Each structure stands twice: as structure tokens, then as C-alpha cells.
Amino acid sequence: MWQGFQFSKRVERLASSPIHDAAAKSKVLRSTGKDIINLAVAVPEFTYTADLERKTHEAMQQATMNFGAVEGEPDAINAVIQKFERENGLKYAADQVIICNGGKEVLSDAVQVLVDEGDEVILFAPFWPSYLQFILREGGKPVIITPTAPDFRITPEQLEKAITPRTKWFIFNNPQNPCGVVYKSQEIAAFAAVIAKHKHVAVMADECFELFSYQPYKLASFASFPRMMDRTFTVNGIGKSYGKPGLRIGYGAGPKLLIDKMKVLQSSGPTHANTPGQAAAAVMLSEVGQAHVPELCAALKINRDYMISAINSIPGFQCHIPESGYFAFPNVTNVLPSTELQIYFLEQGVMCLDGKHCGLEGHLRFAYTQPLPVLEQAIMRMKQAVAALKN
Ligand SMILES: Cc1ncc(COP(=O)(O)O)c(C=O)c1O
């Protein structure tokens with residue numbers, strides 16, 4: 001009976017997440033006996049101390065299974081406030097914080113409460129594919145700024161040019177997935193100076209990749225720049241920093257008026273984020289929860305160094321060295337269009353993500369979170385596949 005139904009314009013504008021599609025496809029292919037190395041999806045392997053694991057599980061067991069507060073449980077809200085103050089120098093009151101089911105829902109809701117049909121949202125390419133869907137779903141117009149430099153850096157002049165009277169949000173993902181750019185203080189100050197001139201533009205600072213840096217640095221949060229606190233919604237989550245995306249806990253902090261609208265939205269949707277996840281997040285966000293990070297970044301750096309140099313040794317591939325994150329994002333235009341190459345590599349047993357989903361065709365995204373022998377095997381398959389193209 002559903003065949004003749006007219007589905008909503010809103011859902012017809014959407015495409016499903018290419019990352020979750022890739023995960024599902026790789027499962028299906030594996031179940032048919034095909035040997036697939038999945039480098040499209042990434043969750044780094046975290047090792048916590050036994051103490052942290054125990055505390056987290058205890059907290060989850062004790063969490064209420066009754067309804068909680070729409071904005072989040074007091075312990076979790078408190079842990080978020082302390083995290084922002086301790087690690088980002090940002091002071092928020094309890095009514096300036098919201099906890100949702102994953103960073104994804106925080107970002108999606110923030111777009112939903114501000115964007116109407118025809119409103120514009122600025123994005124730096126390459127971007128995390130979901131942003132585009134959040135904007136399109138509302139009938140908004142993504143205004144994509146494409147880098148001209150091989151290191152993917154966008155200039156304040158490019159940002160200035162992209163702003164129009166219809167601009168609602170500037171989404172600033174720093175560190176940037178998937179290209180691994182980390183904008184430093186001076187660069188962010190220049191972006192903030194542009195934003196300061198345009199009073200109607202709000203900033204969504206997605207700092208979910210904050211902890212994954214290969215140089216010792218402290219992230220300069222966008223909201224910490226002069227006159228930006230009141231303009232910025234800062235987003236983070238435990239999926240990335242603590243390797244627990246299945247708990248689906250993300251959080252955001254910003255002006256109370258924005259949080260109030262997001263609360264209205266949340267109360268008529270999921271009601272609140274799941275309470276066991278919030279209890280676990282409250283433990284993880286405490287200071288003791290940070291101990292795993294330097295070790296994890298050191299291990300990821302070994303993978304990064306191997307992966308980038310191996311990818312650059314594939315004839316026709318050019319890959320900039322990422323400063324953060326866990327993705328290689330080479331330009332492959334000298335070999336084949338990225339869409340064709342992604343399909344060809346899948347046939348050869350390596351799954352990756354076509355850069356077109358990140359707003360930058362001609363590139364492929366490879367996660368390098370898996371153990372080195374797996375990455376070596378993937379590189380060998382790709383090298384052989386590219387060599388075979390020439391024959
Ligand atoms: C840049 C970026 N922001 C936010 C998220 C949301 O993560 P989660 O919903 O798992 O907290 C992701 C997930 O991949 C991401 O890549």
C-alpha cells in the first residue's frame with residue numbers, strides 16, 4: 001500500500017548517511033564470503049583503566065530508568081560545565097547546556113531550530129557528510145567554501161565572501177573531519193573578526209575531534225575569542241573523545257535562548273538523551289577520564305605516518321599530512337574520478353568513502369584506526385589495483 005504514498009518533502013530531500021551505508025554494505029559483503037577491509041568507518045580502539053571501566057559501568061547501573069530532565073541529568077550537565085571550564089576556558093551556567101543522543105543530534109537540532117526554507121548555512125569543504133543532510137532537510141541552502149590550497153586551509157576572505165543576509169549558521173568544525181586541519185589561535189581570531197562584523201550570523205563550533213592532535217597543542221575554542229561567546233554554540237561528545245559512539249551522548253553549550261528552543265524540540269522528539277549514557281558520560285568527562293588520550297594519539301600517529309607515506313607511494317595519489325583525526329584524504333584525480341575509484345577499490349576488497357559526500361570530489365577518505373597489518377594489506381590491494389589499471 002505504501003507505493004502510492006507521497007512521502008514528505010522533508011524526507012525526500014534527504015539521503016541516508018554514506019558512512020552508515022558503507023558499514024551495512026561491508027557487513028553484507030562479508031556475510032557472502034567476500035573479504036572486505038572496511039576503511040570507510042572508524043572507531044579507534046581505546047583502552048581505559050580497569051578503574052574507569054568499573055566506575056562507568058557502576059554509574060550506568062545506578063542510572064534512573066524513569067524519565068529524566070529534558071536538557072539532561074544534573075550530574076551530566078555539571079560534568080559538561082566543568083569540562084568546558086577546565087579544558088576550554090569557557091564558563092557556562094546550567095541553563096546554557098543541553099545533552100542529546102549523540103553529537104549528531106545536538107548539531108542536527110541546532111540547525112533545525114534556526115534554519116527555514118532558503119536560509120543559508122556556511123560549511124568548509126571537505127566536511128562530515130551529515131551536516132549537509134541537516135541543512136537540506138530544513139530546505140536550507142548549504143554554502144560550501146572549497147579550499148584552493150592543497151593543505152585545505154580556508155582564508156578569512158573566503159569566509160567573508162560567503163556571508164549573505166540569508167546566512168544563519170557558520171559551521172566551524174575544528175579540528176576538521178576528514179582532512180585533519182587544525183586552525184590555530186591566530187587563524188581563528190581572523191575568522192572571528194569576520195563574524196563579528198555580521199551580527200546576524202551564529203557559529204556552530206563542532207569540536208568533537210578536539211583530543212586527536214598529533215602535535216602538543218591546546219584547542220582554542222571559537223567561543224573564547226572576543227565577542228564570540230554570545231554568538232557561538234559549542235558542540236562536543238563522548239563518541240569521539242572516549243571511543244563510545246554507541247552510548248549516543250553529545251552535548252552543546254551556548255546562549256540560553258538557543259538552548260531553550262532546543263529543549264522545546266527535544267521535548268517533542270526523543271524527550272531526553274538516554275539516562276545510562278548520561279551517567280557514563282558524567283564519569284568519563286571527569287578529569288580521571290582523560291588519562292587514555294596521549295597513549296591513543298601516540299598509537300594513531302604511528303598509523304598516520306605509515307598510512308600517509310604508503311598512500312603517497314601509490315602512483316597518482318597525493319595526500320596531505322593531517323594534523324589531527326584519523327583519516328587520510330588523498331587527491332586521486334590523476335588516477336580515476338573518485339566515484340569510479342571507490343567502486344573499483346570495493347571490488348578489490350577495500351572499502352573507503354568517496355570525497356564527493358564530503359563536498360570534495362576527486363578525493364577518497366580512508367580511516368587508519370585499524371591495526372597496522374590490516375592497513376598494510378589494504379595498501380597492497382590498492383597498489384595492485386592501481387597498477388592493473390595501467391595494463
Ligand atoms: C565532525 C563530527 N562531528 C560530530 C559527529 C557526531 O558524533 P556522535 O553523534 O557519534 O557523537 C561526528 C561523527 O562522526 C563527526 O565526524
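Predicted model: local features only at pLDDT ≥ 70, side-chain atom pairs only at ≥ 80, totals over all residues.
**Close-up 1. The contact of helix H5 with helix H6.** Helix H5 (residues 102-114) and helix H6 (residues 130-137) have axes that come within 9 Å and cross at roughly 30°. An angle under 35 degrees counts as roughly parallel, and H5 and H6 are therefore roughly parallel to each other; their crossing is right-handed. On the H5 side the contact involves Lys 104, Leu 107, Ser 108 and Val 111, which meet Ser 130, Phe 134 and Ile 135 in H6. Sorted by class, the residues of this contact are four nonpolar, two polar and one charged.

**Close-up 2. The contact of helix H5 with helix H10.** H5 packs with H10 at an angle of about 105°, their axes lying 9 Å apart, and that makes H5 roughly perpendicular to H10. Here Asp 109, Ala 110, Gln 112 and Val 113 of H5 meet Leu 258, Lys 261, Met 262, Leu 265 and Gln 266 of H10. The residues of the contact of H5 with H10 divide by class into five nonpolar, two polar and two charged.

**Close-up 3. The residues around the ligand.** The shell around the ligand is made of Gly 102, Gly 103, Lys 104, Trp 128, Asn 173, Asn 177, Asp 206, Cys 208, Gly 237, Gly 239, Pro 245 and Gly 250. H5 supplies the largest share of this shell, with three residues. By class, the shell holds three nonpolar, seven polar and two charged residues.

Close-up 4. Ala 125 and Pro 126 are joined by a cis peptide bond with an omega of about -5°, and Pro 126 lies in the loop between strand E3 (120-124) and H6. A cis peptide bond also joins Asn 177 and Pro 178, with an omega of about 10°; Pro 178 belongs to the loop between strand E5 (167-173) and helix H8 (185-197), while Asn 177 is one of the residues around the ligand. In the loop between E6 and E7 lies Arg 227, a residue that has a positive phi of about 65° although it is not a glycine.

**Close-up 5. The three-stranded sheet.** Three strands form an open sheet with antiparallel pairing, in the order E9-E12-E11. Strand E9 (327-328) and strand E11 (353-354) stand at its edges, each with a single partner strand, so one side of each is left without a neighbour in the sheet. The pairing of E11 with strand E12 (residues 364-367) is in the antiparallel sense and extends over two bridges, with Leu 353 opposite Arg 365 in E12.

**Close-up 6. The contact of helix H12 with helix H14.** The axes of helix H12 (residues 293-312) and helix H14 (residues 372-390) cross at roughly 5° and come within 11 Å, and H12 and H14 are therefore roughly parallel to each other. H12 contributes Asn 303, Tyr 306, Met 307 and Ala 310 to the contact, and H14 contributes Leu 372, Leu 375 and Ile 379. The residues of the contact of H12 with H14 comprise six nonpolar and one polar, with no charged residues.

Note on methods: Residues numbered from 1 in each chain as written. Axes fitted to C-alpha atoms, helices over the stretch in contact; angles between N-to-C directions. Helix = DSSP H or I, 4+ residues; strand = E, 2+ residues; numbered from the N terminus. Parallel < 35°, antiparallel > 145°, perpendicular 65-115°, else oblique. Left-handed = near helix turned anticlockwise from the far one by under 90°. Contact = placed C-beta atoms within 7 Å. Nonpolar A, V, L, I, M, F, W, Y, C, P; charged D, E, K, R; others polar. Near = placed C-beta within 6 Å. Pairing = 2+ DSSP bridges.
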